[in-house]
Amino acid sequence: DDLFIFKCSGNVITGSGASVVLVADGTGGGGAPLASNIVWQVAGYVDAGTTSHLEGIFLIKTAADFKAGSSLNGRILAQTAVTLDSVTIVAP
């Protein structure tokens, strides 16, 4: 079980309808990575557009704003605020 850590020095912004999709590498070495093994370390904020989908555990310096219809397979931890508007979150 590999662990993937994405360190973002700024913000993470996804457009409406955008998706992060976890897929197998195609070499026959196993299945897709697990959302619980994807960590996003974000120095700014996260803005998930309407109907967008994200995967992984988000550790956010400031705030997270998940807009209407967006979804997350993972967890959100932010130091200031988490705003959810009709969002679906599934714990990995």
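Residues are numbered from 1 along each chain as its sequence is written, and side-chain values use heavy atoms, with hydrogens and water left out. Because the model is predicted, local features need pLDDT of at least 70 and side-chain atom pairs count only at pLDDT 80 or more, whereas totals for chains, interfaces and linings use all residues.

Helices (H or I, at least four residues) and strands (E, at least two) are DSSP runs, numbered from the N terminus. Two strands pair if DSSP finds at least two bridges between them. Five strands make up an open sheet with parallel pairing, in the order β1-β3-β5-β7-β9. At its edges stand β1 (4–8) and β9 (88–90); each has a single partner strand, so one side of each lacks a neighbour in the sheet. Within this sheet, β5 and β7 are joined in the parallel sense by eight bridges, and Phe 58 has Ile 76 in β7 as its bridge partner.

Another open sheet, of four strands, has the order β2-β4-β6-β8, also with parallel pairing. Here the edges are β2 (12–14) and β8 (81–84), each with a single partner strand, so one side of each is left without a neighbour in the sheet. The parallel strands β6 and β8 are joined by four bridges, and Phe 66 stands opposite Leu 84 in β8.

Contact means heavy atoms within 4.5 Å. Beyond its neighbours within four places in sequence, Val 42 is in contact with residues including Cys 8, Val 12, Phe 58 and Ile 60.

Rings of Phe, Tyr and Trp (its six-membered ring) pair if their centres lie within 6.5 Å; planes under 30 degrees apart count as stacked, over 60 as edge-to-face and the rest as tilted. Two aromatic pairs are found in the whole structure. One of them, Trp 40 with Phe 58, is stacked, at 5.3 Å centre to centre and 5° between the planes. This pair links distant parts of the chain, as Trp 40 lies in β3 (residues 38–42) and Phe 58 in β5 (residues 53–60), 18 residues apart. Buried means under 20% relative accessible area, exposed over 50%, and partly exposed in between (1.4 Å probe, protein chains only). Trp 40 is buried at 13%, and Phe 58 is buried at 0%. Together with Phe 6, these two residues form one aromatic cluster.
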